[in-house]
Amino acid sequence: MNGYIIVLPTATQTSEARAKQITRELYNISRPVLIQAEGEAASTVFGIVMHPDGIQNALQVDTDYLIYVHPAATLEKLVACFPELTSDERYSLSAYVQTNSKFPFGHIVPSTTTIRDQQYMIDNGWFPQDPE
């Protein structure tokens, strides 16, 4: 399923910074920093959409997208992106990723996260119509 995850800011990160970190850390699961070529320094898995208000950001996601797990992958930075998770949820997320060679992205979306469809985003001003 394709959709959008609106990324809320935290006490220490803006919505934009947090969205960038999440999609970057998802990339690092397949291609850990220690094996990346120079040109991969800014590579990510999902795109980011900025609301016209300039404050809110959303990840444009595909829940069926397969993420391959590199044996050298570490998850501390990805797990740290979700301060709202309990320690048990963080452990479960880490354990799930580390015990699978690949997984659909949708399997690691926190239960507290809502994936919005295109119509929701249009209705809430994410994609304003061009004036005619």
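Predicted model: local features only at pLDDT ≥ 70, side-chain atom pairs only at ≥ 80, totals over all residues.
Local features need pLDDT of at least 70 and side-chain atom pairs count only at pLDDT 80 or more, whereas totals for chains, interfaces and linings use all residues. Residues are numbered from 1 along each chain as its sequence is written, and side-chain values use heavy atoms, with hydrogens and water left out.

**View 1. Asn-57 in strand β3.** Asn-57 belongs to strand β3, residues 57–62 (strands are DSSP runs of E with at least two residues, helices runs of H or I with at least four, numbered from the N terminus). Asn-57 counts as buried because its relative accessibility is 2% (buried is under 20% relative accessible area, exposed over 50% and partly exposed in between, with a 1.4 Å probe and protein chains only). Setting aside residues up to four places away in sequence, Asn-57 touches residues including Ile-5, Ser-15, Ile-48 and Trp-126 (contact means heavy atoms within 4.5 Å).

**View 2. Surroundings of Arg-31.** Arg-31 sits in the loop between α1 and β2 (47–50), and at 30% relative accessibility Arg-31 counts as partly exposed. The side chain of Arg-31 makes a polar contact with the side chain of Glu-40 at 2.7 Å and reaches the backbone oxygen of Ile-35 at 3.3 Å (a polar contact is a pair of N or O atoms within 3.5 Å; within protein, one must be able to donate a hydrogen and the other to accept it, and residues adjacent in sequence count only if both atoms are side-chain atoms).

**View 3. Arg-31 and Pro-71.** Arg-31 and Pro-71 are 40 residues apart in sequence, and their C-alpha atoms are 9.7 Å apart in space.
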